[in-house]
Amino acid sequence: MSMFGYAGNILKIDLGSRSISKLSTGDYADRFLGGRGIAARLYWEHAPAQAAAFSPENTLIFATGPLAGIPVVGGSRWVVCGKSPTTSPEHFSSANLGGNWGLALKSAGYDAMLVQGKSDQPIYLLIQDGTVEFKEASAFRGRGAIETREALKADLGNSASVAAIGPAGENMVTFATLLADNDAVGSAGMGAVMGSKNLKAIAVRGAPGKKMPVARPDELRELTTRFSGFGTELMSVVGTMQFRITGPQTEKAPCYGCLGNCLRRNYQPASGQKGKFMCQPATFYRPMAEGYYGPGLDVPFHAARLCDDYGLDTMALSMIVLWLYRCLRAGILTDADTGISTSKLGSIEFIETLVKKISLREGFGDTMANGLLEAAGRVGNGAGEQIIRYLSKAGMPNITDPRLYVTTEMLHAMEPRPPQVQLREISVVITRWIAWLKGIPNINVSTDTVRRIARSFWGSEEAADFSTHEGKALAARMIQDREYAKECLVLCSFLWPVLDIANSDDHAGDPTLESQILSAVVGNNMDEGGLYRIGERILNLHRAIMVRDGHRGKEDDTIPDVWFSAPLKGDAVNPDCLVPGKDGQPLSRRGAVVDRTEFDRTRAEYYHLRHWDAGTGLQTRDTLRELDLDDVAEELAQRGLLRDQT
Ligand code: SF4
C-alpha cells in the first residue's frame, strides 16, 4: 500500500540477540502521525514499566515525521526518544535533531527505528539496501563522536550518514549527547543510553535528496511558496538573536532542504576544521574565554567542538561550570578537591580538563558525571544552595520561568524537563513585542498583534494580559497540544508555529498552515483542530507512560519551590522583565514571585480542561477512550492508576 509522506516501515532491532524485524508504519501513522508521537507509542508497547535508562529493556527510538524530505518547510528534523537518565527519577524523554541523518533513515526505507537490548561488545549498525549489519566497533572505543563519524565516512563513503557517541556516552555520563551528520546534537542523555547498549554509532546509507512522493503537489507548492514569502529571515529567530554568530569565517549550515534563515551556521577558525557553531553551544564559554583572552570566536568554538566530540551537553555543562565557580568562591570546594585550576577559567586548558575529567569519569569528574543535582548532593556543605536559584526542573538552566511569564507555570509544572519549544511560543512573542516597543525597524508585533496572536494561538484575548492568571490554563493547553503535534511532524521550532507575519496587513500569524501542509503531503483533509487532537493524544500517552513509570500526578505537577519565594532578579533575554499587562500597558515583573494560591487554582483549571481527575491529576477512562487510547486506559486501570471520572 502506498502511503504518501511515509517510507512505510519501522525497523526493530534487538542488540542482544542481534535480530531484526519490521513493523508497518501504517499501523501507527493515523493516530500517532510520526516523530515523537510514533516514538511514544512504540515505547508504550515495547518498554516494560519502570525500565531503567541504562537497562537493556530501555527502548531507544529514532523517528522522522511525514514532512521529512519536503523542501523549504523545515520538516526534516528527527527525534530520539527513550528513558532519559538526566532526571531523578528517570523519565521518558526526547531529543530533537536537525541535519541529514533522519532523512537518510527515511530514504533508506524506514520512518523510525526501535533499538532494544544490549550488545555484549561495542558495535555499530550499518543500514543499507534493506539490510542491517552488526559491525564490530572495538577499534572506535574511546574515540570522539566527530572522529568516529569521520572515520566511518572515510570507510563507508561520504554517502553514509552517521550518528555516533563520544567517550561521555560510552561512560554513561548522564548528560551525554549523540552527534549526527552536519553536527546535529541530541540531548536528554540519549548518548548515554546508546553507550549503555554498547552502541557506538549508526551509519545509514540512504538517498537524501530522493524525491518524496506527495499526494497533492500543486497544493503543496502553493503552500510552500506562501510560507517562504512570509519573511522567515526574521520570524521566530528574533527571539534568540543574541545567540547569532556571523562574520567572514561563518556560513549557513542548513538542515536538509531548509532555506536556513536561522542560527544554524558553520565556523572555520584560521587553522582547523570547520564545524557547526550556533545558539547556546556557541555562547556558553564565550564570556569566560573573552574574559581570559579578549574578544574572539576561536576558543568558544573550540570549547563547543570539544563538547561535541566527547559528547557532553553544553547546556548541562554550563550549569556545572557556574556551580563549580560559585562553590570554589564560597570555599566549599578547592582546586585540590576538583583537580581543576579555577584561575584558568576561560582558558582552553580549563575547558579541556573539565570536559575530559567528566567524560572519562576521572577523579572529581566522576562526581559531576551524574549531573549537577547529584554532584551537589555528594559534595554537601551547602553546595546545592550555590546553584538552586539558577535551575529549573532537572538541574537545567532556569529559562522563561513563570515569575516573568505567568503562562509558563503549567508548561513547567507538567513536564519533567524544561519544555523549550513550548516556552518559546511565549518568549518569542514577548521579545518581538519589546523590540516593537523600542521602535526597532521591521518589527511589527504591536500590542494589538499580541492580542490577535493570543486569540488565535492561546485561546483568548485574556492570555495577552500577563498581569493575571485568567486564560493561562487554556493557553498552556493550546500551546502543548500544538507543540506535541509539531514534534510529531518534527517541524523546526525556529520556523514554527508562524505566530506573526512581517509582511501581512495585521501581522498576526496563521495557525492553520501546518495542517494544510500535512494534508497536501499525505492526502487527507486534516484541519487545525484535528492536528491539535493528535497533539492532545500524544500528550496523554506521554503522561500515561510517566504515570506507569511512577509519576505521582498532582504531587509531581509542580515547579521549583524557589520560584514561589525568591523574587525575580532579571532575565538574560528580557533584562527589563517587561510583559504586556492590563490593556497592553508595559509591566515590569522584576521582583515577582509565583503566587501559590493562583498556581493551585490554575492547575485545577488545567486539569478540568484536560478532563483529568481534579483530586489526583490522574487521567480518566473517558478521556483516554475519547482519544482512542482504550488499551492505555485498560493498562492504567489494571495498575490502579486511572480514575473513572473527573
Ligand atoms: S530553520 Fe535552521 S535549524 Fe530549523 S530546519 Fe531550517 S536550517 Fe534546520
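Tutor: Helix H2 is mostly covered, with eleven of its twelve residues buried. Please bear in mind throughout that this is a predicted model.

Student: Which residues of H2 are the buried ones?

Tutor: They are Gly 35, Arg 36, Gly 37, Ile 38, Ala 39, Ala 40, Arg 41, Leu 42, Tyr 43, Trp 44 and His 46.

Student: What span should H2 have, and how far apart are its end C-alpha atoms?

Tutor: H2 covers residues 35-46, and at 1.5 Å a residue its twelve residues should span 16 Å. The end C-alpha atoms are 16 Å apart, which agrees.

Student: Turning to the ligand, which residues surround it?

Tutor: The ligand has around it Gly 74, Arg 77, Pro 254, Cys 255, Cys 258, Gly 260, Cys 262, Arg 264, Cys 492, Phe 494 and Leu 495. By class, this shell holds seven nonpolar, two polar and two charged residues.

Student: Which domains give at least three residues each to that shell?

Tutor: Domain 2 (244-395) and domain 3 (408-638) each supply at least three.

Student: And the second largest pocket: how much space lies in it?

Tutor: The second largest pocket holds about 1,000 Å³. It is lined by 46 residues, of which Thr 87, Ser 88, Pro 89, Leu 373 and Ala 394 are the closest to its centre. Two or more lining residues come from each of helix H11 (314-329), helix H15 (372-379) and helix H16 (408-414).

Student: Which element gives the most to the lining?

Tutor: H15 does, with three residues. Sorted by class, the lining of this pocket has 20 nonpolar, 14 polar and twelve charged residues.

Student: You listed Ser 88 and Pro 89. Is the peptide bond between them cis or trans?

Tutor: The bond from Ser 88 to Pro 89 is cis, with omega near 5°. Pro 89 sits in the loop between strand E4 (78-84) and strand E5 (91-97).

Student: Which residues does the cis bond with omega of about -5° join?

Tutor: That bond joins Trp 496 and Pro 497. Pro 497 belongs to the loop between helix H19 (472-489) and helix H20 (513-522).

Student: What about phi at Arg 18 and Asp 583?

Tutor: Most residues other than glycine have a negative phi. Arg 18, however, has a positive phi near 55°, and Asp 583 has a positive phi of about 55°.

Student: Where are they, and how accessible is each?

Tutor: Arg 18 lies in the loop between strand E1 (9-14) and strand E2 (19-24); its relative accessible area is 34%, so it is partly exposed. Asp 583 is in the loop between strand E16 (578-580) and strand E17 (586-588); its relative accessibility is 59%, so it counts as exposed.

How values were computed. Residues are numbered from 1 along each chain as its sequence is written. This is a predicted model: local features need pLDDT of at least 70, side-chain atom pairs count only at pLDDT 80 or more; totals for chains, interfaces and linings use all residues. Side-chain values use heavy atoms; hydrogens and water are left out. On a 1 Å grid over the protein atoms alone, a cavity is a set of points where a 1.4 Å probe fits but cannot get out, and a pocket is an open set with protein on both sides within 12 Å along at least five of seven lines; lining residues have an atom within 4 Å of a point. Grid points are joined across faces, edges and corners, and a volume is the space filled by probe spheres set on the points. Helices (H or I, at least four residues) and strands (E, at least two) are DSSP runs, numbered from the N terminus. Ala, Val, Leu, Ile, Met, Phe, Trp, Tyr, Cys and Pro count as nonpolar, Asp, Glu, Lys and Arg as charged, and the others, Gly among them, as polar. The expected span of a helix is 1.5 Å times one less than its number of residues. Buried means under 20% relative accessible area, exposed over 50%, partly exposed in between (1.4 Å probe, protein chains only). A residue is near a molecule or strand if one of its heavy atoms lies within 4 Å of it. Domain bounds come from an automatic or database domain assignment.
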